[in-house]
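Please examine the structure shown below before reading on.

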Amino acid sequence: MPVSARAEAKRLLALSLEGGAVSPERVGAVLSALTSSRPAHALRPLLRSYLAAVRRELARGEARIEHAGPLSSEQAAAVAAHFSRALGRPVRAAARRNDALIAGFRVRVGDDVTDLSAAARLDALARSLSA
Amino acid sequence: MTQLFLLAAAEQSANPAAGIVELFGRFGVDRHHLIPQLVNFALLAFVLYRFAIRPALGQMEERNRLIAQGLADAKAAEQRLAEAQKAADAKLNAASDEAARVLAEARASAARTVEAAKSEAAAAAAEVLRKGQAALESDRVRMLNEVRGELARLVVDASGKVLGQTLDDAQRARLNEAAVKELAR
């Protein structure tokens, strides 16, 4: 049952995409169709798998930017555009300030992390000096 | 007895033949009984010789032969004893030589063993020394690396703190702009 639920959740996720991104309208339509077709207790495993799949897809389409100091919206958009081009799918920016990075920023898209912060460079310097 | 011979000699000097006869008669030799006495004596002598003297002589000869045999045996035994003694001496000498040779070999073997043990101990000591030096060198390198790493960490931490305290927002904004450009390259 869990395997088939994941497979069906994957199929439902494909129906929820519009232009390569998760569409709230399509998600709502999928959920309406599900709740009208089956009883709630039978939908629980499928809904969990669907929720996880939607979250993964949202994370894949979101560039979470941690930055030290100010980062303008243009700069965040440039970062998102860069990852959109690199990954071949639309990526939107979600910025959060973190001065522990000293300077620069760290971007996480899905499971990929790109760190251009001064803290990461200092950490790399420390590791190279320790080796 | 002496007086009897003197009396017989005195009478013999008067009538020698009569005296001799009388003398024999006094000894029981009668001319009438002389032949039977001789015969009897011969018979007695034969019987004695046949049944007493000859067996006795035979026994004596047998005893003499046994004694001679015993002497010969004793001599042979003595000779064999001497030969055995000689052989024993030879064997003893050979054993002594063998013992000396074995002792010499044992001493040589012991010397070789001692030398081998010395060499082995020297090699073991050298190995222990080498391992000790290697361990010391390894510890020294490890400590140097640890000190270097710790120093680098301290320097980096200090640099990070200094940078975090000295950078203002304008400088950080410029650095962020540079990072965006670096990302675009």
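In this predicted model, helix α3 of chain B covers residues 34-166 and thus has 133 residues. From its first C-alpha to its last, α3(B) reaches 183 Å, which is close to the 198 Å expected at 1.5 Å a residue.

Is α3(B) largely buried or in the open? A residue is counted as buried if 20 or more other C-beta atoms lie within 10 Å of its own. Of the 133 residues of α3(B), the number that are buried is one, so the helix lies largely in the open.

The view may now be widened to the whole chain. Chain B contains four helices and zero strands, and its pattern along the sequence reads α-α-α-α. Of the 185 residues in chain B, 3% are buried.

The last topic is the contact between chain B and chain A. To this contact chain B gives 21 residues, and chain A gives 22 residues. On the side of chain B that touches chain A, the elements that supply two or more residues are α3 and α4 of chain B, the latter spanning residues 169-184. The largest share of that side comes from α4(B), with 11 residues. Sorted by class, the side of chain B that touches chain A consists of 10 nonpolar, five polar and six charged residues.

Technical notes. Residues are numbered from 1 along each chain as its sequence is written. Chains are lettered from A and ligands numbered from 1 in the order in which they are written. This is a predicted model: local features need pLDDT of at least 70, side-chain atom pairs count only at pLDDT 80 or more; totals for chains, interfaces and linings use all residues. The expected span of a helix is 1.5 Å times one less than its number of residues. A residue is buried if 20 or more other C-beta atoms lie within 10 Å of its own, exposed if 12 or fewer, and partly exposed in between; C-beta atoms are placed from the backbone. Two residues are in contact if their C-beta atoms, placed from the backbone, lie within 7 Å. Ala, Val, Leu, Ile, Met, Phe, Trp, Tyr, Cys and Pro count as nonpolar, Asp, Glu, Lys and Arg as charged, and the others, Gly among them, as polar.
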